Amino acid sequence: MKRLGTFLIALTMTASMVSCSSKSSSSTNEQDKEFYGRGRTVGIALPAQNLERWNRDGAFLKEQFEAVGCKVDLKYADNDKDKQIEDVQSMIDEGVQLLLIAAVDKDNLSHTLNNAKEAGIPVVAYDRLIMNTDAVTYYVSFDNYMVGTIQGQYIEEKLKFNETDNTYNIEFVGGDELDNNARFFFNGAYDYLSSYINSGKLNIVSGKNTFEQVATEEWSTDNARNNMKQVLADNYSDGKTLDAVICANDSTALGVTEAVQSNYSGSNHPLIVGQDGDVENLKNIVDGSQDMTVFKNVNDEAKVTLEICKLILSNETPSVSLLENLHVNVKYDTSSYNNGVKYIQSYLLAPYAVDKDNLQSLVDTGIYKWDSNNKYLEIAK
Ligand code: BGC
């Protein structure tokens with residue numbers, strides 16, 4: 001709680017909210033076309049195509065850049081950190097004007113990015129911060145710590161911590177250690193719940209209370225399922241109740257849900273929360289086997305990114321006021337993300353909780369639609 005408080009104060013002091021108005025006039029579109037019509041190429045390196053969200057990011061980013069006349073070289077690295085180095089180096093060699101990277105491995109790109117810097121190619125870290133390099137100038141993401149805070153709040157509210165004397169059992173499932181975001185998600189949730197953990201109201205029966213102990217390699221569903229099966233076998237096979245599992249994202253939540261369905265003998269349904277709003281998880285939310293997902297509107301993330309990239313390519317310095325024409329709430333933050341070399345200027349969007357009661361809010365984003373039976377959600381296009 002103390003860390004959360006410090007974080008929020010720091011954010012308040014250094015962050016400015018951008019509440020933006022419309023910028024959809026045709027003259028602006030014309031200006032965009034004129035600007036990008038000079039044959040600029042943007043290299044976009046994303047981690048993996050097997051995860052739903054990166055497909056959405058890739059498709060929307062490509063569409064946005066191409067809509068303003070830019071060429072796009074979009075590459076996915078199959079979660080392979082060496083392949084991503086090759087992807088980025090090939091973009092540098094082909095002479096892209098800007099690099100946009102969501103790193104597979106936060107630590108291993110610094111050498112390659114030195115080459116980008118020498119070639120004068122600006123680098124924007126997309127969604128995941130890249131560590132130990134001064135080549136990165138801007139970072140566009142969501143408030144990753146807040147993702148975890150929202151998960152902790154949801155558990156507190158649904159289990160009614162403040163209304164009963166009951167104690168509860170909880171487990172955490174983290175993301176990939178190579179991803180800088182993963183610690184933020186874990187810390188956000190853990191810090192929010194730490195006073196309950198310390199007082200004994202909340203028990204982590206497995207004893208796995210550090211990020212390293214709960215990390216899930218490659219964010220994989222299989223690994224999450226296997227890890228959870230082990231946790232259940234070691235700690236809950238005597239019929240002990242598991243009340244909640246905080247999963248760092250929806251691919252891990254899927255594995256946890258499967259493990260709970262096949263290997264948990266308790267009579268209750270543990271609360272399971274994830275992140276991303278993946279379609280399969282949204283189906284589980286409708287069916288009741290997952291409870292909540294923290295949703296991040298990656299189309300908005302792409303819009304903000306596009307605007308920042310345009311300003312960089314025009315030799316302008318992105319600032320809060322220069323982003324004012326977007327329809328997106330974004331926080332400018334200079335004190336939360338230090339990459340080991342410097343604090344990176346960060347533009348952080350706002351995540352929010354989605355459960356069975358506000359699924360329509362996802363349809364309202366335009367990204368999802370109801371299926372023909374009006375029961376489940378699917379991607380709108
Ligand atoms: C992203 C999450 C995603 C995870 C796995 C994280 O960096 O912020 O949205 O679920 O990577 O790809």
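Biologist: Which residue does K331 form a salt bridge with, and how far apart are the closest N and O atoms?

Modeller: In this predicted model, K331 pairs with D143 in a salt bridge, and the closest N and O atoms are 2.5 Å apart. Because K331 sits in strand β12 (residues 330–333) while D143 is in the loop between β6 (136–142) and α6 (144–158), the pair ties together parts that are 188 residues apart in sequence.

Biologist: And is K331 buried or exposed?

Modeller: K331 counts as buried, because its relative accessibility is 14%, and D143 counts as buried too, with a relative accessibility of 2%.

Biologist: OK, how many salt bridges are there in the whole structure?

Modeller: A search of the whole structure gives 23 salt bridges, including one between E378 and K369, whose closest N and O atoms are 3.8 Å apart. E378 is partly exposed at 32% relative accessible area, and K369 is partly exposed at 36%.

Biologist: Which residues are joined into one network?

Modeller: R53, D57, D127 and E301 are, through salt bridges that share partners.

Biologist: Changing topic, which residues gather in the patch of negative charge on the surface?

Modeller: That patch brings together D78, D80, D82, E86, E217 and E218. Of these, E218 is placed in the loop between α8 (211–214) and α9 (221–235), and E218 counts as partly exposed because its relative accessibility is 39%.

Biologist: Last one: what does the side chain of S346 reach?

Modeller: The side chain of S346 reaches the backbone oxygen of I344 at 2.9 Å. S346 belongs to strand β13 (residues 345–349), and with 0% relative accessibility S346 counts as buried.

Conventions: Residues numbered from 1 in each chain as written. Predicted model: local features only at pLDDT ≥ 70, side-chain atom pairs only at ≥ 80, totals over all residues. Heavy atoms only, no water. Patch = residues over 30% accessible without salt bridge, like charges linked within 9 Å, V, L, I, M, F, W, Y side chains within 5 Å. Areas by Shrake-Rupley, 256 points an atom, 1.4 Å probe, with all protein chains shown as cover. Salt bridge = Lys/Arg side-chain N within 4 Å of Asp/Glu carboxyl O. Lys, Arg positive; Asp, Glu negative; His and termini not counted. Charge placed at Lys NZ, Arg CZ, Asp CG, Glu CD. Helix = DSSP H or I, 4+ residues; strand = E, 2+ residues; numbered from the N terminus. Buried < 20%, exposed > 50% of the residue type's maximum accessible area, 1.4 Å probe, protein only. Polar contact = N/O pair within 3.5 Å; in protein donor to acceptor, adjacent residues only side chain to side chain.
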